[in-house]
Amino acid sequence: MAKKDYSEDLLIQAPTAEFLEQELGWTSVLAYNDEAFGPDSLLGRANDAEVVLAREVMAALRRLNPGLPDEAYAQALALVVQDDITKTLIALNEEKYKLLRDGVPVKYRDAAVRLVDKRLRLIDFDHPDRNRYLAVREMWVRGKLWLRRPDVIGFVNGLPLMFIELKRFEVHIDSAYKRNYADYLDTIPHLFHWNALVVISNGHDAQYGSLTSSKEHFYRWKRLDEDDPEPKKDQPLLPLLLTGMLDRQRLLDLVENFILFDATEGTTNKIVARNHQVLGVNRVIDRLISADPKVRAEVVAGQLGVFWHTQGSGKSYSMVFLTEKIHRKISASWSFVVITDRTELDDQIASTYTNCGRANSKTDQAKNGAALRTMLRDQNRRYVFGLIQKYRERVTEPYSERKDIIVISDEAHRTQYGRLALNMRKGLPRAKFLGFTGTPLIDTGEKQLTREVFGDYVSIYDFQRAVADGATLPLFYENAGEKLKIIDPTISERITEHIEAAKQSATLDDP
């Protein structure tokens, strides 16, 4: 690896750390020349092979889980720093993520000598100020054979969740991925056991991805709100990404609610939500819990809105992010009925939920109204998938009268009004209805009917914005052909003669 340029630190790295500290409330330290080792050192590391700041983790365990015996904290810390050389990097990352999100399981004896099973929190996701955010520049990390020095590592309560690699302005951003990040994955992989986000930038351009993202699947964070305009051509994207993703509250939301592990076809991929998915999902949730009287009345009436995100923008993942966040942050009692109008769509969405470990496509697909009634009324399923065409029978008795049901209708503009949808409405009279569509509603009766069922747009990510973000390829039309000309003036007469001959032939053949 080439020696780092001093200008890189002066022009890019130091201002990035300063921005995190002054604008976003992080603490920033430079470890390169100032780090010793030992319990009272700058970071409390015993040596340069350690990547988890055990001193910070123990402090967080005691702060967020007070009053427990020392053995409980010791067990939790041991699980946090535990390595397993038999597992792949992504398998370890998924395992650590579950501890991060759900807590670390420990067993201990209470004062009455009873055995207690408990999960200890590593992060307080509900109260950002109760956590410690530390940006460490130039920290030496030793692998099995090599010593490396990443630009910035972002620790939350001692856990290295953020990796930031920075290049000079004139260096293409791809260099941060190919020359640095890819090398670190190979030489110091244990740094990424707890990683949640990877950020690369040259100061002007800035992109992020997950542990399994190829360079083509690194994305830009370009908006803090869905209504924000497209950034100007010469506007640096790094401050926008840092604000949108590493603001303390936004970061915790992202880590807790917008990360998935998809095991499609036996290969695990880590999915971090894209900018438009986070903004769109949070808009739906804001509407669901809104205290505004007008909005409340519409939601109670079942109108949760229309979620229009253009084709290719990850609608299936958006559904998973949305429904899982509702379960986690509002109530685990909610049931979701995901309705489509094509078998391949039904299978695709059910498979996405299944491969992300959230449902079972073999048992959660309702074949008809009777099955839906059983699954919602008797079995209280979290997820049910089905085709709108299956609900043809006239509904005389509701499938369920629960209020905590949300019907998600994919490609809502095609089939979610008319007799079949009316059956669904009658079958679930107190449910909320959310329409997902990848195409805009035509400003005709179709749009009005869809609005009557679902309400107005709640989130819009149109084709133009998707192209600007690189989520969808632009369409081009090239007029390469000649204009059509009629070269046989008798063509109309000849067609008429053939039609009359066909009629006569049909009459003669009719017994």
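## Strand pairing in the sheet

Two strands are said to pair if DSSP finds at least two bridges between them. This is a predicted model, in which local features need pLDDT of at least 70, side-chain atom pairs count only at pLDDT 80 or more, and totals for chains, interfaces and linings use all residues. Residues are numbered from 1 along each chain as its sequence is written.

Six strands form an open sheet with mixed pairing, in the order β1-β4-β7-β8-β9-β10. Its edge strands, each pairing on one side only, are β1 (27-30) and β10 (206-209). Strand β9 (residues 197-201) runs antiparallel to β10 and is joined to it by four bridges; V199 has Y208 of β10 as its bridge partner. Strands (E, at least two residues) and helices (H or I, at least four) are DSSP runs, numbered from the N terminus.

## Helix α11

Helix α11 (residues 343-355) contains 13 residues and reaches 18 Å from its first C-alpha to its last, close to the 18 Å expected at 1.5 Å a residue; the expected span is 1.5 Å times one less than the number of residues. Its buried residues (under 20% relative accessible area, 1.4 Å probe, protein chains only) are L345, D346, I349, A350, T352 and Y353. These residues lie on the same side of α11 because they cover an arc of only 150° around the axis, taken from the directions from the helix axis to the C-beta atoms. G357, which follows α11, has a positive phi near 75°.

Notes:
Side-chain values use heavy atoms; hydrogens and water are left out. Buried means under 20% relative accessible area, exposed over 50%, partly exposed in between (1.4 Å probe, protein chains only).
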